Amino acid sequence: MYSFHFTCLDVGIANLELKRDAMGNTFRKPTMRVVSYNVKRWSNLDAVVETLAKLEPNVLCLNECCAVSSPDALERVAEACGLTHTHFFGHVNSGRYGNAILTREPSTCNCRAITYVELWSLARDPLAVAP
């Protein structure tokens, strides 16, 4: 049996634009859903894609993305979830293994590796390492 361990946050957003549905009614979507998941090198990719799509995330953070074992996995997840912007940070295996952030709205992402020394500094002083 395959188990899923997700972190799912629904964050209230103060100034969301009004949206219109198919009938022309206006509404505000009061939350933004942020989901974090370790994809474990895309083991059981079909189940992962299906489950992530049901969660309807606005922001999706993925760990252990392997471009070697499943080169089209991020595209499949993005399409299934309706996420139009993908940021991949390959920091291992010549850039083919790493983390990804996918978003529904346009986004920018400044990804970089943090060294163990920087992590130790952060533990002592959260402002010690500049972004």
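Predicted model: local features only at pLDDT ≥ 70, side-chain atom pairs only at ≥ 80, totals over all residues.

User: What makes Lys54 exposed?

Analyst: Its relative accessible area is 62%, and the label needs over 50%, so Lys54 counts as exposed.

User: Why is Glu50 called partly exposed?

Analyst: Glu50 comes out at 47% relative accessibility. The exposed label takes over 50% and the buried label under 20%, so Glu50 goes in the class in between.

User: How do you know that Glu50 forms a salt bridge with Lys54?

Analyst: The rule asks for a side-chain nitrogen of Lys or Arg within 4 Å of a carboxyl oxygen of Asp or Glu. For Glu50 and Lys54 the closest N and O atoms are 3.3 Å apart, so the pair passes. The two residues are 4 apart in helix α1, which means about one helical turn separates them.

User: How many salt bridges does that rule give?

Analyst: The count comes to 2. Besides the Glu50 pair, there is Arg76 with Asp46, where the closest N and O atoms are 2.5 Å apart. Arg76 sits in helix α2 (residues 73-81) and Asp46 in helix α1 (residues 45-55), so this bridge ties together parts 30 residues apart in sequence.

User: Why is strand β7 described as largely enclosed?

Analyst: Of the 7 residues in β7 (residues 97-103), 5 are buried, so the rest of the structure largely encloses the strand.

User: What makes β5 and β7 a pair?

Analyst: Pairing requires at least two bridges found by DSSP. Strands β5 (residues 59-66) and β7 have 6, in the antiparallel sense, so they qualify. Val59 stands opposite Thr103 of β7 there.

User: How many bridges link β6 and β7?

Analyst: There are 7, again with antiparallel pairing, and β6 covers residues 85-92. Gly90 has Gly98 in β7 as its bridge partner. The β6 and β7 hairpin has 4 residues between the strands, and Asn93 takes a positive phi near 55 degrees in this hairpin.

Note on methods
Residues numbered from 1 in each chain as written. Heavy atoms only, no water. Buried < 20%, exposed > 50% of the residue type's maximum accessible area, 1.4 Å probe, protein only.
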